[in-house]
Amino acid sequence: MIRVVLPAHLRTLARVNGEVTFEITGELTQRALLDALESRYPMLRGTIRDHVTQRRRPYVRFFACETDLSHQPSDAPLPQPVADGSEPFLVVGAMAGG
Amino acid sequence: MSSVRLLVGTRKGAFVLTSDGKRMDWKIEGPHFGGWEIYHMKGSPADPNRIYVSQSTSWFGQLVQRSDDGGATWEPVGNRFGYDGEPGTHTWYDGTPHPWEFARVWHLEPSLHDPDLVYAGVEDAALFRSSDGGRNWEELSALRTHPSGPSWQPGAGGMCLHTILLDPRDPARMYGAISAAGVFRSDDAGASWRPINRGLRSNGIPDENAEVGHCVHRIAMHPKYPDTLYMQKHWDVMRSDDGGERWSEVSGNLPTDFGFPIDVHAHEPQTIYVVPITSDSEHFPPDARLRVYRSRTGGNEWEALTNGLPQKHCYVNVLRDAMAVDSLDSCGIYFGTTGGQVYASSDSGDHWTAIARDFPAVLSVEAQTLP
């Protein structure tokens, strides 16, 4: 079971409370995780990564296992604790602006 | 009895204000989408309970929300604004080519007749259309790909298509205004466009009479006289009586000819309103006095409207989409400020009342007159 923690604004948009959980078959990568997330919550399309380029939005970061994964290639495997559900994948809004 | 619904977009959320026809007491609902920038919200003239909202932040990008019940509930609809084909470049602030990049939706203009048809003016400047209630958006790319497009440069607020006017007499005629390119008109429902900026003079550009390159802040029309257009430009208030073929200056006795909004009285097509602002770097009212100026002669002769507006220590601005009129008798005029006030007049501007005082900075105000 994959666990994803969304920032507050995106939890409101997706109308969820707490963590989002779902299953993924095959290798777990950033792209696979985000594809699955957006498939279940289509209103999140374009909010985490650009609709057209599929690049991570500049003020969004990805953390897991106390590591910043934001700059990892989209098709690189995510850490095993994320894949087995013992650690969540965090989508974080940068602390910037007002 | 008729009533009025105001749609107020702010830097930190959307508000819906309602009142009966007396317009004395206002009920405030919101913020909807708290924390998000609401550049614009507008109801369908064909179905006033259909409301479209442009919602964005730097963090999470652009969303479009839709209500089918007058703002009681909302549904996120399509937010994919992809330019048609390879978008190419426009001109950056430093004169170098810069790729066209979508930033946000500045303005939503629902069709006069079909609630599911809505246009979006975006930054970087382009026009999009949805014919399914906002679920899918397609670019009307003839505007962005006009031969002058590579020369367009952004204004200080970004290169935005901020005004869309639909001609009620001719469904094929529409206008788009872009900072800082100018006004463009289509006579074939967006299939082709041409600049209509003759008569505009901008002494901050190399050729002050250039075909494009003018920082138009806002244009307005009265629906019964769609050939007459009014414009608040970066400097100068302008008027055209031939659908934009030729413009003439009507700044007259205004204390400053800089400002952002301009609007037309619902029942008096020659009565127009502007809010003069000290130009360029200051962007607050001259003499720190907030004054709406009204012309009953379609320009040139202006009177200051001050009753109920702060006349000392006032340093707010009124942005281009933040003024609206209702169609009751007598006409109501509304505007919002960057200081978070929303002012209303139920007597064509003679007297003003603050109906909200402490909102976030107001980005847009639209008025719906309901049966």
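Leaving aside neighbours within four places in sequence, A:Thr21 is in contact with A:Met1, A:Ile2 and A:Arg3. Please keep in mind that this is a predicted model.

**A:Thr21 and its surroundings**
- A:Thr21 belongs to strand β2 of chain A, which covers residues 20-22.
- Although A:Thr21 and A:Ile2 are 19 residues apart along the chain, their C-alpha atoms are separated by 5.4 Å.

**Chain B as a whole**
- Chain B has 30 strands and zero helices.
- The C-alpha trace of chain B spans about 50 × 45 × 40 Å along its principal axes.
- Of the 371 residues in chain B, 54% count as buried.
- Taking contacts in chain B between residues at least 6 apart in sequence, 49% join residues at least 24 apart.

**A four-stranded sheet in chain B**
- Four strands of chain B form an open sheet in the order β3-β2-β1-β30, with antiparallel pairing.
- The edges are β3 (27-32) and β30 (362-370) of chain B; each has a single partner strand, so one side of each is left without a neighbour in the sheet.
- On average, neighbouring strands of this sheet are turned by 15° against each other, direction ignored.
- Inside the sheet, β1 (residues 3-10) and β2 (residues 13-20) of chain B pair in the antiparallel sense over eight bridges.
- B:Arg5 stands opposite B:Thr18, which is in β2(B).

**Nonpolar cores**
- The largest nonpolar core has 107 residues, and B:Val8, B:Ile219, B:Tyr334, B:Val342 and B:Val365 have the most contacts inside it.
- Strand β14 (residues 160-166) of chain B supplies the largest share of this core, five residues.
- Apart from this core lies another, of 20 residues, among them A:Leu13, A:Leu34, A:Leu37 and B:Trp59.
- Not counting residues up to four places away in sequence, B:Tyr334 touches B:Leu6, B:Met323, B:Ala324, B:Val342, B:Tyr343, B:Ala344, B:Val365 and B:Ala367.

**Where the chains meet**
- Chain A brings 14 residues to the contact and chain B brings 10 residues.
- On the chain B side, the residues touching chain A are three nonpolar, six polar and one charged.

How values were computed
Residues are numbered from 1 along each chain as its sequence is written. Chains are lettered from A and ligands numbered from 1 in the order in which they are written. This is a predicted model: local features need pLDDT of at least 70, side-chain atom pairs count only at pLDDT 80 or more; totals for chains, interfaces and linings use all residues. Two residues are in contact if their C-beta atoms, placed from the backbone, lie within 7 Å. Ala, Val, Leu, Ile, Met, Phe, Trp, Tyr, Cys and Pro count as nonpolar, Asp, Glu, Lys and Arg as charged, and the others, Gly among them, as polar. A nonpolar core is a set of buried Ala, Val, Leu, Ile, Met, Phe, Trp, Tyr and Cys residues joined through C-beta atoms within 7 Å. A residue is buried if 20 or more other C-beta atoms lie within 10 Å of its own, exposed if 12 or fewer, and partly exposed in between; C-beta atoms are placed from the backbone. Helices (H or I, at least four residues) and strands (E, at least two) are DSSP runs, numbered from the N terminus. Two strands pair if DSSP finds at least two bridges between them. Axes are lines fitted to C-alpha atoms, for helices over the stretch in contact, and angles run from 0 to 180 degrees between N-to-C directions.
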